[in-house]
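This report is for a reader who is new to the structure shown here. Please look at the sequence and the model before reading on.

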Amino acid sequence: MLRVSRLSAAHGAVKAVRDVDIEVAQGTLVALIGSNGAGKTTTLNSIAGLHKPSGGSVHVGGRDITGWSCHKVVRSGVALVAEGRRIAPPLTVEENLELAAYSGRSTKAQQREELARVFDLFPRLAERRNQLAASMSGGEQQMLAFGRALMTRPDVLLLDEPSMGLAPSIVDVLFETIETLHLAGATILLVEQNAELALAVSDRVYVMQRGQIVSDGTAEAVRGRPEVMSALFG
Ligand SMILES: Nc1ncnc2c1ncn2[C@@H]1O[C@H](COP(=O)(O)OP(=O)(O)O)[C@@H](O)[C@H]1O
Ligand SMILES: [Mg+2]
């Protein structure tokens, strides 16, 4: 469903991503792990059209979307829940979700269906539907960021550090939701600094260090490999 081939990306002189290959098969949950600064966010942003790659290609369902703008990438079926939860604070929960649906590709009827599904998945959002997003806790804002991505009916969901800065109880709720989506057949690329958490839920894992993939395989296979330990813990 998602194929990243020899992707490279830079921030000025910093070569943040070098020749990265990642494949995410339909219906699988693939984790991209690595320590802070490894290049995980730059990789996701390059897929999502928020950062122009300097080389390589990105294919979604066989279609080449390399270098497309983020709006076009969303319409091609890829949704990113960005690091740091991008929501619109002066709007209500429901307005945030409706606004997200506009950038997608669904009909009005599908949008209503999707809104019901998001409220089903996150009862907290349903309870707070008329509340301003700015007044919600960090965990609720992360749920809203998730909900916004789902409103675009993505074929591929990109998650950048969903657990970052959240209390363990909220992280549990979010990861249960990720597993629910996975079981329902969603295709997910999950970036996580918390390797244990990522290994526990994923079908396959890629390990990134200094801009490159240094190991990949099933969670059982990569666990304990020396190069993985070094990538994660130095
Ligand atoms: N906006 C930026 N300007 C300059 N350097 C950046 C910028 N964003 C990231 N970098 C650098 O690119 C590298 C990869 O960063 P990033 O993709 O954010 O890693 P990760 O998400 O794995 O922590 C790091 O060396 C980081 O300092
Ligand atoms: Mg990051």
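Predicted model: local features only at pLDDT ≥ 70, side-chain atom pairs only at ≥ 80, totals over all residues.

Residues are numbered from 1 along each chain as its sequence is written, chains are lettered from A and ligands numbered from 1 in the order in which they are written, and side-chain values use heavy atoms, with hydrogens and water left out.

**The magnesium ion**

Thr41 (OG1) and Glu83 (OE) coordinate the magnesium ion (ligand 2) at 2.0 to 2.2 Å. Thr41 belongs to helix 1 (residues 40-48) and Glu83 to the loop between strand 6 (78-81) and helix 3 (93-102), so the pair ties together parts 42 residues apart in sequence. Donors are N, O and S atoms within 2.8 Å of the metal (3.2 Å for Na, K and Ca); water is not among the atoms, so sites may look incomplete. Helices (H or I, at least four residues) and strands (E, at least two) are DSSP runs, numbered from the N terminus.

**Ligand 1**

The shell around ligand 1 includes His11, Ser35, Lys40 and Thr41; a residue is near a molecule if one of its heavy atoms lies within 4 Å of it. Helix 1 gives the most to this shell, with 3 residues. Oxygen atoms of ligand 1 have polar contacts (pairs of N or O atoms within 3.5 Å) with Gly37 through a backbone N or O atom at 2.7 Å, and with Thr42 through a polar side-chain atom at 2.5 Å. The protein covers 59% of the 560 Å² of accessible area that ligand 1 has on its own; such areas come from the Shrake-Rupley method with a 1.4 Å probe.

**Accessibility**

Buried means under 20% relative accessible area, exposed over 50%, and partly exposed in between (1.4 Å probe, protein chains only).

| Residue | Relative accessible area | Class |
|---|---|---|
| Thr41 | 23% | partly exposed |
| Glu83 | 31% | partly exposed |
| Gln142 | 1% | buried |
| Arg6 | 52% | exposed |
| Glu161 | 5% | buried |

**Other residues**

Gln142 lies in helix 6 (residues 138-151). Not counting residues up to four places away in sequence, Gln142 touches several residues, among them Val81, Arg85 and Glu161, where contact means heavy atoms within 4.5 Å.

Most residues other than glycine have a negative phi. Arg6, in strand 1 (residues 2-11), has a positive phi near 45°. Glu161, in the loop between strand 7 (156-160) and helix 7 (168-183), has a positive phi of about 50°.

Notes:
Polar contact = N/O pair within 3.5 Å; in protein donor to acceptor, adjacent residues only side chain to side chain.
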